[in-house]
Amino acid sequence: MSIEEKWRNINPAYLQPQAQAIKPLLEYLADYQAEPIIQKTRELILEIRQKPDNANVIEAFLQTYQLNSAEGKVLMSLAEAILRIPDQATQTQLLSEKLQAVDWLADLPDDSLWWIHSAANLLSTYSKPTDHPPVANILANLDKRLGLPLMRQAVLHGIQLLAEHFILAESLPNALKQIGHDQTWRYSFDMLGEAALTSADEQRYQQAYLQAIQALADTHQNQTMLEKPGISIKLSALCATYHPIHQNQALQKLRSSVLQLAQAAKQANINLTLDAEESHRLAMSLQLFAGLRRDERLAGWNGLGLAVQAYQKRAWPVLHWLTELAAQTSSRIPIRLVKGAYWDSEIKWAQQQGLSNYPVFTDKTATDLSYLACAKWLLQHPEQFYPQIATHNAHTLSAIQHMGAQQQYEFQRLQGMGAELYQHDSMAQPCRIYAPIGQFHDLLPYLVRRLLENGANNSFVHNLANPNIATEALSEDPVRLIRSKQWKAQPLALPGEIFSPRKNSAGLNLADLDLLQQLQYKLKSNEKQYACFPLIGKETTFGDKQPVFTLANQLPLGTVQETTQEQIKSAIDIAALAFPAWRLSTLTSRCEYLYKMANLLDENRLEIISICIREAGKTLTDADSEIREAIDFCRYYAQSALQLLSSDSSLPSPTGEENQFHYHGRGVMICISPWNFPVAIFIGQIAAALVAGNCVIAKPSEHTPITAFFCSRLFYQSGIPENVLQLTPGQGNSVGCSLLNDGRIAGVLFTGSCATAQSIHQQIARFPKIIPIIAETGGLNVLIADNSAHPQQLVEDVIQSAFNSAGQRCSALRILCLPNDLAERLLPLLIGATEQLTIGNPVEINVDIGPLISPKAVKQLKKHVAKFRKDNQILYQYPLAENLSAQRYFPPTIIELTQLQQLQAEQFGPILHVFRYQPDELPELLQHINAMQFGLTMGIHSRIQKNIDYICRHSQIGNIYVNRNMVGAVVESQPFGGTGLSGTGPKAGGVNYLRRLCNEQAISINTAAVGGNLNLLCKNNST
């Protein structure tokens, strides 16, 4: 099989079923001998456990307060946050809250070390009241105002010790001093830190790697390359846009920067390893690695290595491809074989993206099986690979020694972990320590991952130190276990099943480079044109046609015919006549139509995406997310209708009486949808109204009629009768107003501006009957961060919330509130991250921000910015490329407010306003926010639960998002809608939405009126 064929085998394995991925692994391990490995493992565990207990302070403390305990979780949260908080007041606040959250003495074993008892007593001084021994009560009476600062220093010192346990040093010179001439271990240094957000980050990490290589060049001259210390590099630290959507630009940048590092490493005669990261980046890293391996400037150097994660289902085909690559390039590749560090995150991402399966094994035993098969492959191909077996597991170590007899390889372990495994009598192979280097506060994510690995209840390192865990359990063999009939994979719902019984919508796998290439070709080559016209009972194609153009570059997209006044009257006539029969149609049939509609949306996904991109200026990711939301609306409302609107509802009754409760449609509903969500909101409104038993006249935005027309046709294909759903394209001030002038309408569903909602409300209030309106309008959406916020996470969420969809979301972030201390550190990072965005025609899949909906919208934003430019309040504005029309595009802009009152109205575009506040001004800040009377979305970034609870409790906001972005609400799990000037409720995609669209009917029947109360009489046995 050629290298090209083996490359093509990698991608299909990405989301293959776990059972399918396991099959070739078991076949390859057909001659695997479990018994000698198990026996060797037991001997090793017993040898380690019989040695004197040399557990250090950190290991003993982690064993006492495990991560599945409340105390362990508090320690984790402190380790994650406290070192990065800049001010002592916030540190003390966080510390006080966390220490009071648990009882440090409640579950403390009596045989714990004396110093752990002392530490627990000290910690309990600030915990909730207890009935513990006198020493605790005495300490509890200390002046806490005096004690907390001292405790803060003690905890900071403790976290520092924790960091020093897992992180070798803060600089490479210090690390080299620490290891000195010790020949016990080999080393691979990693200048760890957060992924790059800015160009400055990229340059800083590049220089750090280069300096590290240069520092190592003059050391260990008497050793071979494989014996000498090496360098591990993180590609995401070298490229802020290291994502498949930006693959071309990212790979171009990385080829240059990594080649420079590789050439320096080659000259220094040390090894350089590309570290493993999240699964969606794997294909890019392999492409980069192959390009470097084939580069003539690196010929003859076998020091370029790669980390392979065995928990990925693609690990097996990746190794087969790498085997051919090594042979083709006449090289020997060092492979660091790891299990993987992002398992829990990979599971969440796959569920959020609606993937067909998981990219990783969901069962630990399956991961162990994969690891052994991959290790055997490496060991059996010594000419192509130098295996670097990274493990802290005694069984894995024993299996490798058994399979790798007479082979050249090395073990690897992490700094601060697993030393006891490699300090026993039978250990003959060298072991390399993966040693992180860097400032402790920058390495907290790494530190937390290490704590998780040490403290998780399925961690070998954790269980090895626990005498209550039997040796037999620790030495269990994964191959034998999977072969046994008793083994069943641990159940984990697939991404499509997480909302069971409702099927979760499927998303495009945008980590699939082949799929992205196909999408790019189809989007750029699609020149199809469409005709949109009113759908009134049946298709009506007569009338004047107006041209429709693509939003980004004004190319022909099709034509639209505006609905005439006669057609509007006809539409209401037809709908009114159709309503009685539709009202009495079976709920099951109406739900079936929605399920079919969901499937049709899925089947027509690519064409709808193309229309949205061309007509509404959507990016690929935004368009795909919107179609997913529309699918979820259809399935959720169908499922909810069956649960909530069933005609079998019986109410409590006295004997001899029956009381029933029924829901019926209200009548003719007018659905007025916006241009910024031309699929999701358009379909969501219609689906809800139809399944509740209403007839619908849909009036889409004049900016996106073709999208609405295409979706309406799909409704008809699903089975919805043409007289039940009708489409009336046209201008709001003509078609929309005319629809609302007819007293026969029974309700209005509207999403758009607050001014238009008020106008609709006034218009329908003229009629004798009260016509309900469900309005979802915009907001002056605020994100409040405090000094405990994680800066990198905050910047990433702000960028998404403020600039996704070119800021043209009603939920978009408009005002970012920062404490003064945080603002000084965060704003340069925020500006640098904004500079990484790509603005342009969204038909190019790498574009982050497309055009605004109209020249009028651009003009309004320019006017707004000009007002602040006079007072020098513009912090940053993205430079718009000359080839982009200033009439269509508006660049991301950051403005600093001196007062919140400076922003009086929603600015619908990529403008972020920043407001600084003092931490003690939080109550006043919330009063000002509530006084704005907009109540749609709010973001909170904080590690202090007291602050989070306070903001949530005192904010009059419909949707609040904590430590995440503020956009992209999910049907059912995040029902969406605001209050005050932001909407009437109930929330779209929530449990109350359908009931607002129904009339309620109660029927009371005196069942004893004819013949007496037979049920009661039959129960009385007396004669």
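Me: At what angle do helix α25 (residues 587-603) and helix α27 (residues 620-644) pack?

Reply: This is a predicted model, in which local features need pLDDT of at least 70, side-chain atom pairs count only at pLDDT 80 or more, and totals for chains, interfaces and linings use all residues. Residues are numbered from 1 along each chain as its sequence is written, and side-chain values use heavy atoms, without hydrogens and water. Helices are DSSP runs of H or I with at least four residues, strands are E runs of at least two, and both are numbered from the N terminus. With axes (lines fitted to C-alpha atoms over the stretch in contact, angles running from 0 to 180 degrees between N-to-C directions) that lie 9 Å apart, α25 and α27 pack at about 165°.

Me: Is α25 roughly parallel or roughly antiparallel to α27?

Reply: Angles under 35 degrees count as roughly parallel, over 145 as roughly antiparallel, 65 to 115 as roughly perpendicular and the rest as oblique. The angle here is about 165°, so α25 to α27 is roughly antiparallel.

Me: How do the residues of the contact of α25 with α27 divide into nonpolar, polar and charged?

Reply: Contact means heavy atoms within 4.5 Å; those making it include L587, C591 and L594 of α25 and I627, A630 and I631 of α27. Ala, Val, Leu, Ile, Met, Phe, Trp, Tyr, Cys and Pro count as nonpolar, Asp, Glu, Lys and Arg as charged, and the others, Gly among them, as polar. The division is 15 nonpolar, 3 polar and 2 charged.

Me: Is T367 buried or exposed?

Reply: T367 sits in helix α17 (residues 364-379). Beyond its neighbours within four places in sequence, T367 is in contact with A310, Y311, K339 and F361. Buried means under 20% relative accessible area, exposed over 50%, partly exposed in between (1.4 Å probe, protein chains only). T367 has a relative accessible area of 7%, so T367 is buried.

Me: How far apart in space are P986 and I774, C-alpha to C-alpha?

Reply: P986 lies in the loop between β29 (979-980) and α37 (993-996), and P986 is buried at a relative accessible area of 15%. Not counting residues up to four places away in sequence, P986 touches I774, N992, Y993 and R996. P986 and I774 are 212 residues apart in sequence, while their C-alpha separation in space is 7.2 Å.

Me: What percentage of the residues of the protein count as buried?

Reply: The protein has 38 helices and 30 strands. Of its 1023 residues, the buried ones make up 59%.
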